[in-house]
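Keep the structure open as you read.

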Amino acid sequence: MTSRQVSAYPQTWKPESGQSIEGTLLAMDYITNNFGESVAATIVDGAGEQWTVWVSATTLRGQFDKWNPETGERVAIHYLGKILSKTGNNYHAYKMEMPD
């Protein structure tokens, strides 16, 4: 885990509902800012484009904790959109996989 200035990161992945990103995890950086600790995952996709995925949503952080990917491994992140919870709150839902 390293730390860089936020401006040093590649473009941010900002998915619409149903979109996914798949590629190789290049880095996982932990950043402390005014909002607490953030995690920036840098992923290079199949076209060679580098993207920053900000691991801030609770469900996405949970997926990263579950899969615990390491740099050099392939990951696929799917944004499922905003979902209404059983308690009536909206949240951003993600699913992560580690393809071969």
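Two strands count as paired here if DSSP finds at least two bridges between them. Keep in mind as well that this is a predicted model.

**The strands and their turns**

Let's start with β1 and β2. Strand β1 covers residues 20–33, and it runs antiparallel to β2 with ten bridges between them. If you want a landmark in that pairing, look for Thr24, which sits opposite Val44 in β2. The link from β1 to β2 is a hairpin of two residues.

On to β3, residues 50–54, which pairs with β2, again in the antiparallel sense, over five bridges. Here the handy landmark is Ala41, standing opposite Val53 in β3. The hairpin of β2 and β3 has four residues between the strands, and in it Gly48 takes a positive phi near 90°. Gly46 also lies in the loop between β2 and β3. How far apart are the C-alpha atoms of Gly46 and Glu22? They are separated by 7.4 Å, although the two residues are 24 places apart along the chain.

What about cover for β2, which spans residues 36–45? Eight of its ten residues are buried, so the strand is mostly covered, with buried meaning under 20% relative accessible area.

**The core**

Which residues touch the most other members of the largest nonpolar core? They are Trp13, Val53, Leu60, Phe64 and Ile77, out of 18 residues in that core. The elements giving two or more residues to this core are β1, β2, β3, α1, β4 and β5 (90–97).

Beyond its neighbours within four places in sequence, Gln63 is in contact with Tyr94, Lys95 and Met96. Is Gln63 buried or exposed? Its relative accessible area is 15%, and because the cut-off for buried is under 20%, Gln63 counts as buried.

**The salt bridge and the surface**

The structure holds one salt bridge. Its partners are the side chains of Glu22 and Arg74, at 2.9 Å from N to O. This pair links distant parts of the chain, with Glu22 in strand β1 and Arg74 in strand β4, 52 residues apart.

Elsewhere, Leu80, Ile83 and Tyr91 make a nonpolar surface patch of about 240 Å². Leu80 belongs to strand β4, residues 74–84.

Here is how some of the residues mentioned above compare in accessibility:

| Residue | Relative accessible area | Class |
|---|---|---|
| Gln63 | 15% | buried |
| Arg74 | 32% | partly exposed |
| Glu22 | 39% | partly exposed |
| Leu80 | 45% | partly exposed |
| Gly46 | 81% | exposed |

Note on methods:
Residues numbered from 1 in each chain as written. Predicted model: local features only at pLDDT ≥ 70, side-chain atom pairs only at ≥ 80, totals over all residues. Heavy atoms only, no water. Buried < 20%, exposed > 50% of the residue type's maximum accessible area, 1.4 Å probe, protein only. Contact = heavy atoms within 4.5 Å. Patch = residues over 30% accessible without salt bridge, like charges linked within 9 Å, V, L, I, M, F, W, Y side chains within 5 Å. Areas by Shrake-Rupley, 256 points an atom, 1.4 Å probe, with all protein chains shown as cover. Salt bridge = Lys/Arg side-chain N within 4 Å of Asp/Glu carboxyl O. Core = buried A, V, L, I, M, F, W, Y, C linked by side-chain atoms within 4.5 Å.
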